[in-house]
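Please keep the structure open while reading.

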Amino acid sequence: LEVIRRVLHLWSKKGDTVFSPFAGIGSEGYESIKNERKFLGFELKESYFKQASENLKAAENEVLQSLLI
C-alpha cells in the first residue's frame, strides 16, 4: 500500500478522481479514499468486487472516524 500511497501523492492531488480499470480487491481505491481522492474502479470477478466493496467501505469508515476525533 505504501507504493500506491506514494504514487497518489506524486501524480494526483486532493479531490482528483483515481481510475482503476482492473480494481482487484480495491487497494488503489482504499488508498485513494484515505488520501482524500475520489475513486472509480471496475472489476469483473465477483469475489474480488465483493472484497473491494468491503475494503472501500472500511476506508470510508476510517476517514469518518478520523473526522469525529
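Helices and strands here are DSSP runs, a helix having at least four residues and a strand at least two, and they are numbered from the N terminus. The model is a predicted one.

## The loop after H2

Glu36 sits in the loop that connects H2 to E2. Helix H2 comes before this residue, and the phi of Glu36 is positive, near 60°. Most residues other than glycine have a negative phi. Glu36 is not a glycine, yet its phi is positive at about 60°.

## Helix H2 and its buried residues

Which residues of H2 are buried? They are Gly29, Tyr30, Glu31, Ser32 and Ile33. The buried residues of this helix pack against H1, strand E1 (17-20), strand E2 (38-41) and H3.

Ser32 is part of helix H2. Its relative accessibility is 0%, and therefore Ser32 counts as buried, the cut-off being under 20%. Apart from neighbours within four places in sequence, Ser32 has contacts with Leu8, Val18, Arg37, Lys38 and Phe39. Between the C-alpha atoms of Ser32 and Ala58 the separation is 12 Å, and these two residues are 26 apart along the chain.

## H2 against H3

Helix H2 (residues 27-34) and helix H3 (residues 46-68) have axes that come within 9 Å and cross at roughly 15°. Angles under 35 degrees count as roughly parallel, so H2 and H3 are roughly parallel to each other. Their crossing is right-handed.

On the H2 side, the contact involves Gly29, Tyr30, Ile33 and Lys34. These meet Asn55, Leu56, Ala59, Glu60, Glu62 and Val63 of H3. By class, the residues in the contact of H2 with H3 are 5 nonpolar, 2 polar and 3 charged. An α-helix has 3.6 residues a turn, so residues three or four places apart point the same way.

## H1 against H2

For H1 and H2, the axes come within 9 Å and cross at roughly 55°. That angle makes H1 oblique to H2. The crossing of H1 and H2 is right-handed. Ile4, Arg5 and Leu8 of H1 make the contact with Ser27, Glu28, Glu31 and Ser32 of H2. The contact of H1 with H2 divides into 2 nonpolar, 2 polar and 3 charged residues.

Val3 also belongs to helix H1 (residues 2-11). Is Val3 buried or exposed? With a relative accessible area of 55%, Val3 is exposed, because exposed means over 50%.

## The aromatic pair

How many aromatic pairs are there? The count comes to 1 aromatic pair. The pair is Phe19 with Phe42, in an edge-to-face arrangement, with 5.8 Å from centre to centre and 70° between the planes. Planes over 60 degrees apart count as edge-to-face.

Phe19 lies in strand E1 and Phe42 in the loop between E2 and H3, 23 residues apart, and the pair thus links distant parts of the chain. Phe19 has a relative accessible area of 48% and is partly exposed. Phe42 is likewise partly exposed, with a relative accessible area of 48%.

Key
Residues numbered from 1 in each chain as written. Predicted model: local features only at pLDDT ≥ 70, side-chain atom pairs only at ≥ 80, totals over all residues. Heavy atoms only, no water. Buried < 20%, exposed > 50% of the residue type's maximum accessible area, 1.4 Å probe, protein only. Axes fitted to C-alpha atoms, helices over the stretch in contact; angles between N-to-C directions. Parallel < 35°, antiparallel > 145°, perpendicular 65-115°, else oblique. Left-handed = near helix turned anticlockwise from the far one by under 90°. Contact = heavy atoms within 4.5 Å. Nonpolar A, V, L, I, M, F, W, Y, C, P; charged D, E, K, R; others polar. Phe/Tyr/Trp six-rings, centres within 6.5 Å; stacked < 30°, edge-to-face > 60°.
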